[in-house]
There are 2 protein chains.
Amino acid sequence: MSRVSFEEFQAQRAEFIAQEENRALGADIVLNEDERKVNEYLMKLKKAELDIGFNTPSQFLPSRHFFQVVDKIKASPLFQLIQKLPKGGILHAHDTAIGSMETIVKATHKDHLWQYGEFGRADTPRFKFSRTKPDELDGSGWRLVADIRKEIGNEGYDHNIRNLFSLFNKDPLNSFHCINHIWGIFANIFMSLEAIVTFKPVWEEYFYQSLKELYADKVCYLELRGVLPQLYDLDNRTYGPEEVVRIYYDLVEKFKSEHEDFIGAKFIYAPHRLCDDATFSQYMDIAERLHQKFPTFVAGFDLVGQEDLGRPHSDFNERLLKMNPSIQFFFHAGETNWNGYTDENLIDAILLGTKRIGHGFAAIKHPRVLEEIKRRKICIELNPLSNQVLKLVDELRNHPGTFYFSDNYPVVVSSDDPAFWCASPLSHDFYVAFLALASARQDLRLLKKLALNSIEYSAMSKAEKVEAKHKWNISWNNFIDQTVKLVA
Amino acid sequence: MSRVSFEEFQAQRAEFIAQEENRALGADIVLNEDERKVNEYLMKLKKAELDIGFNTPSQFLPSRHFFQVVDKIKASPLFQLIQKLPKGGILHAHDTAIGSMETIVKATHKDHLWQYGEFGRADTPRFKFSRTKPDELDGSGWRLVADIRKEIGNEGYDHNIRNLFSLFNKDPLNSFHCINHIWGIFANIFMSLEAIVTFKPVWEEYFYQSLKELYADKVCYLELRGVLPQLYDLDNRTYGPEEVVRIYYDLVEKFKSEHEDFIGAKFIYAPHRLCDDATFSQYMDIAERLHQKFPTFVAGFDLVGQEDLGRPHSDFNERLLKMNPSIQFFFHAGETNWNGYTDENLIDAILLGTKRIGHGFAAIKHPRVLEEIKRRKICIELNPLSNQVLKLVDELRNHPGTFYFSDNYPVVVSSDDPAFWCASPLSHDFYVAFLALASARQDLRLLKKLALNSIEYSAMSKAEKVEAKHKWNISWNNFIDQTVKLVA
């Protein structure tokens with residue numbers, strides 16, 4: 001045995017690092033001269049934040065709970081640059097958890113809104129829009145929100161609404177004692193919100209406002225997962241799944257006509273996995289009908305809800321295999337810390353031919369799953385902040401995304417339910433992914449790749465992707481032009 | 001596109017799961033009939049704890065901080081079984097952090113021990129054994145420990161000692177604000193402890209007692225990393241590196257002669273990485289001398305101390321390459337959350353030809369490192385509890401060991417500094433590894449493989465390994481025989 005010379009060692013070391021850099025996500029992107037200048041600036045900002053963290057670990061923002069650092073992130077020049085960067089599309093986000101809380105607050109200023117029960121009680125208040133006092137529950141308990149507002153003032157009322165419909169909490173580490181606890185609160189928000197947001201005028205405003213917020217956050221495409229709740233109006237008309245999808249479709253078209261650089265949106269029907277067999281059959285029927293009626297706008301099928309407490313995939317496989325084979329799957333799978341339990345949903349999802357995997361947090365514990373993800377190019381939809389808030393991981397540098405990023409797995413970064421944790425539509429997730437999931441060496445090429453992946457792994461047709469890339473390219477070049485001027 | 005039949009799907013699913021099971025750590029072990037019975041019992045205990053955790057996540061012990069659950073683990077029948085299981089060797093543990101605190105407490109009952117400074121102050125007290133009042137520091141501040149004991153009572157004094165020399169803390173989540181903070185306290189313990197433990201009679205008792213505790217915890221082999229501090233006695237004699245190693249060697253031989261099923265121990269010289277160049281040169285000289293003098297007992301060389309705050313490997317590579325090529329390396333590397341900083345020590349360690357890697361926590365972020373670990377069979381020494389206590393990871397199910405276990409990486413489970421967190425020599429780390437790093441499907445074969453790996457990847461010669469396996473096999477078979485009787 002002998003040791004190599006130092007010169008030989010240094011050559012080997014440089015080669016080794018180059019080999020790792022070459023297989024990381026984004027390494028295949030070639031930057032032009034202007035992009036290289038922007039990259040230099042971006043990396044200066046990134047290095048500054050990493051160095052602060054390296055010297056004072058408690059100051060490294062993505063290591064701490066998002067709720068503790070959201071104000072500090074706002075002040076980060078790196079975050080501000082990422083806000084301006086065209087990030088492509090969001091491929092993983094849920095219907096009523098995308099748009100900011102303020103749209104909901106605004107909705108509670110509308111006439112004809114009734115409230116049953118008080119704020120701050122164990123039983124959260126119920127709401128309903130109605131011309132006359134609702135007769136559900138104990139009829140006498142309903143009061144007009146307008147009257148309550150007079151009593152406690154608009155500021156107090158709005159504050160209560162914001163509290164009610166968000167997980168945001170000043171002491172997150174001590175407030176949620178386990179994953180099932182926070183998921184319980186999380187599911188409650190969806191439920192209490194429902195009667196406000198399913199009022200047809202609010203539904204339309206909420207979705208349109210969500211598109212505006214995406215657009216402002218430099219997101220130009222959306223694949224929306226939704227449960228399609230029944231909508232209602234003041235004339236006691238209700239609106240079923242096809243009508244709700246029609247509303248989505250029309251609003252997307254309207255938005256596109258008003259924002260020509262917006263690429264569009266598609267819908268993934270994703271009802272709740274905690275259901276009985278009869279209900280599941282209804283879901284499958286709805287999926288078939290939507291697929292017939294909206295063959296391009298409705299991209300496919302998924303199931304939502306906490307995997308650990310929901311029914312395992314194996315309960316549904318036999319019936320899912322009988323679905324019209326032209327309906328594509330976009331399954332949530334592996335959103336769990338367990339290993340040899342719920343995480344085996346990943347195996348079902350893959351064998352069912354899922355096009356993408358929602359979260360795939362546990363995929364790292366399954367070597368065959370990892371192989372199939374690469375072989376079949378199944379995109380993993382990463383939602384780092386969601387995984388932190390919903391208690392899969394505290395320290396984001398331990399997120400499995402670090403592994404997927406290091407070896408060019410097919411991934412996108414998404415945001416899941418950003419409104420519930422007061423995050424921006426996508427920029428906060430991009431920010432933590434860039435600092436905590438990426439290597440210090442990964443640069444603008446990674447961010448560009450993530451944006452391009454969100455088009456590449458979308459449910460768009462080939463022709464749609466060509467148009468989408470064209471639109472995104474224009475935005476990207478504008479961003480580069482503007483940023484080069486600032487940093488030159 | 002069409003979907004497969006349910007029968008075909010079920011066959012594919014079973015095949016997929018079998019493929020994953022077959023590549024997991026331990027899958028190559030074939031159990032005999034008695035082992036299968038023990039395995040059934042073991043898996044019943046494991047499943048019971050996993051099911052409790054699955055249903056009530058906050059009750060899953062390895063998910064919580066070790067300090068919060070140490071009493072509950074003591075009561076676990078699974079833990080009690082693992083205590084009795086012959087676990088092979090400890091390949092990663094540090095000189096004065098292996099033996100239990102009680103040996104230190106006992107040492108402070110000895111005559112001629114002096115103390116400077118009081119308990120509970122920011123400046124921790126200093127100690128020295130001496131026939132006369134020491135003249136270091138402000139000479140008048142020294143008091144005989146025996147006199148202090150008279151004042152505050154033995155119980156109170158012992159309590160203070162236990163507090164001083166342990167990280168154990170009832171509120172670990174709020175007590176240590178970052179990794180550098182806890183490493184500071186951790187390094188202080190080593191320093192304050194030094195003057196007690198380097199008193200030659202204490203040193204000898206401490207090491208011998210450590211071997212006894214290992215043996216009682218069903219550990220039959222040790223590769224000890226040590227800094228070789230200078231020892232002293234009451235006659236003002238001091239003892240240098242060779243003499244300290246000689247003490248280790250003689251005590252191991254004595255222990256072996258009194259415990260014929262104990263395999264033995266080897267020593268890895270591992271001085272501190274935070275040193276100047278001149279000191280580093282001295283370390284290298286010592287390493288060479290030890291290698292000449294104890295060619296089989298001294299296994300090789302390593303560097304210790306927090307990697308993030310220590311000098312990077314690249315500072316030492318040129319000189320390390322000049323070391324006698326027959327000195328083997330056992331480098332700590334990748335004991336960090338960073339990605340593109342300190343973690344690149346992994347690349348140096350591999351290119352320097354390290355035989356094993358201490359921790360390798362960050363290796364998961366380096367695809368080429370992972371490849372080389374498999375190709376060159378470089379064993380990763382996992383220390384899950386150490387990584388939790390020293391704040392690399394809270395939730396042990398997010399430990400990269402889950403990945404290494406799932407795909408048969410060459411690994412052992414070790415314990416690093418168990419005394420400092422009041423853990424048993426190895427059983428606690430085996431327990432959390434079996435529940436949190438392993439899949440629910442991984443069974444006795446995993447534990448057997450970990451024990452066998454600790455022999456296979458040790459620094460023993462081929463002939464030594466044959467003898468070691470023979471001894472371990474006898475213990476293992478005894479364990480199986482005894483357990484089969486209990487569970488039959």
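In which order do four strands of chain A form an open sheet, and is the pairing parallel or antiparallel? Select β11, β12, β13 and β14 of chain A: the four strands form an open sheet in the order β11-β12-β13-β14, and the pairing is parallel (strands are DSSP runs of E, at least two residues, and helices are runs of H or I, at least four residues, numbered from the N terminus; two strands pair if DSSP finds at least two bridges between them). β11 (332-333) and β14 (411-413) of chain A stand at the edges with a single partner strand each, so one side of each is left without a neighbour in the sheet. Then select β12 (residues 356-359) and β13 (residues 379-382) of chain A, which pair in the parallel sense over three bridges, with A:Gly358 standing opposite A:Glu381 of β13(A).

Before going on, note that this is a predicted model, in which local features need pLDDT of at least 70 and side-chain atom pairs count only at pLDDT 80 or more, while totals for chains, interfaces and linings use all residues. Residues are numbered from 1 along each chain as its sequence is written, and chains are lettered from A and ligands numbered from 1 in the order in which they are written.

Now show both chains together. Chain A can be laid on chain B with an RMSD of 0.0 Å by a turn of 180° and a shift of 0.0 Å along the axis (superposed by least squares on the C-alpha atoms of residues with pLDDT of at least 70 in both copies). The two copies are thus related as by a two-fold rotation axis.

Select next the contact between the chains, which takes 51 residues from chain A and 51 residues from chain B (two residues are in contact if their C-beta atoms, placed from the backbone, lie within 7 Å). On the side of chain A that touches chain B, the largest share, nine residues, comes from α1(A).

Finally, move to helix α19 (residues 462-487) of chain B, which has 26 residues and reaches 36 Å from its first C-alpha to its last, close to the 38 Å expected at 1.5 Å a residue (the expected span being 1.5 Å times one less than the number of residues). The buried residues of α19(B) are B:Ala468, B:Trp472, B:Trp476, B:Ile480 and B:Thr483 (buried if 20 or more other C-beta atoms, placed from the backbone, lie within 10 Å of the residue's own). These buried residues of α19(B) pack against α2 (33-55), β5 (221-226) and α18 (444-456) of chain B.

Conventions: A residue is buried if 20 or more other C-beta atoms lie within 10 Å of its own, exposed if 12 or fewer, and partly exposed in between; C-beta atoms are placed from the backbone.
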